[in-house]
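Thanks for coming. I have one structure to go through today, so let me put it up and then walk around it.

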Amino acid sequence: MSTSLPSLYPFLRYEDPEAALRFLKQAFGFEERAVYRSPAGALAHVELTLGHGLVMFGGADTANRMKMATSKQVPAKNQGIYVVVTDPDALCARAKAAGASILMDLHDTEYGSRDFSALDPEGNIWSFGTYQPLAAPPPKG
């Protein structure tokens, strides 16, 4: 099966998905693609876009549907997602203005990228930079 559409879509779970939705839009400039709510009005599934990328997330009830009965089965926090952006300086300024906790300030890497990393309110790491992994030749060795 050949397609130009991605086959990997990051998915996160938030205890407070409403706060996550507001934060990701305000701090990082994500745009809503789809927002599905339960009959009671709770966020059930969210799809946000930034550039050509898409991330999905749900609320804590997602864990219940996945039958994560014990804490050993709940995915670890502090997971990270890397997002390719064209202007990391402007995005970092936006994130700081929105109150994001910056883990790694803007810097130039040895492989030619300009990057920064920030935490969302529930401890997930969001890294942004100009490095486009699939456009770069793989390292030799």
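Which residues of H1 are buried? Buried here means under 20% relative accessible area, with exposed over 50% and partly exposed in between, using a 1.4 Å probe and protein chains only. The buried residues of H1 are Pro-17, Ala-20, Leu-21, Phe-23, Leu-24, Ala-27 and Phe-28.

Some ground rules. This is a predicted model, where local features need pLDDT of at least 70 and side-chain atom pairs count only at pLDDT 80 or more, while totals for chains, interfaces and linings use all residues. Residues are numbered from 1 along each chain as its sequence is written, and side-chain values use heavy atoms, leaving out hydrogens and water. Helices (H or I, at least four residues) and strands (E, at least two) are DSSP runs numbered from the N terminus.

Back to the helix. At 1.5 Å a residue, the twelve residues of H1 should span 16 Å, and its end C-alpha atoms are 16 Å apart, which agrees; the expected span is 1.5 Å times one less than the number of residues. Just after H1, Gly-29 takes a positive phi of about 80°.

Now the sheet. Four strands form an open, mixed sheet in the order E1-E4-E3-E2, where pairing requires at least two DSSP bridges between two strands. Strand E1 (11-14) and strand E2 (31-37) are at the edges with a single partner strand each, so one side of each has no neighbour in the sheet. E3 (residues 43-50) and E4 (residues 53-59) pair in the antiparallel sense over five bridges, and Val-46 stands opposite Phe-57 in E4. Helix H1 (residues 17-28) packs on the sheet and touches E1, E2, E3 and E4, a contact being heavy atoms within 4.5 Å.

What about the core? A nonpolar core is a set of buried Ala, Val, Leu, Ile, Met, Phe, Trp, Tyr and Cys residues joined through side-chain atoms within 4.5 Å. The largest one has 26 residues, and Leu-24, Phe-28, Phe-30, Leu-48, Phe-57, Trp-126 and Phe-128 touch the most other members. H1 gives the most to this core, with six residues.

Last, confidence. pLDDT is the predictor's confidence in each residue, from 0 to 100. The chain mean is 84, and 82% of its residues reach 70 or more. Confidence is lowest in helix H2 (residues 61-65), at a mean of 52, and highest in H3, at 98. Over residues 65-74 the pLDDT is below 50. Where pLDDT is low, the predicted coordinates should not be read in detail.

Conventions
Axes fitted to C-alpha atoms, helices over the stretch in contact; angles between N-to-C directions.
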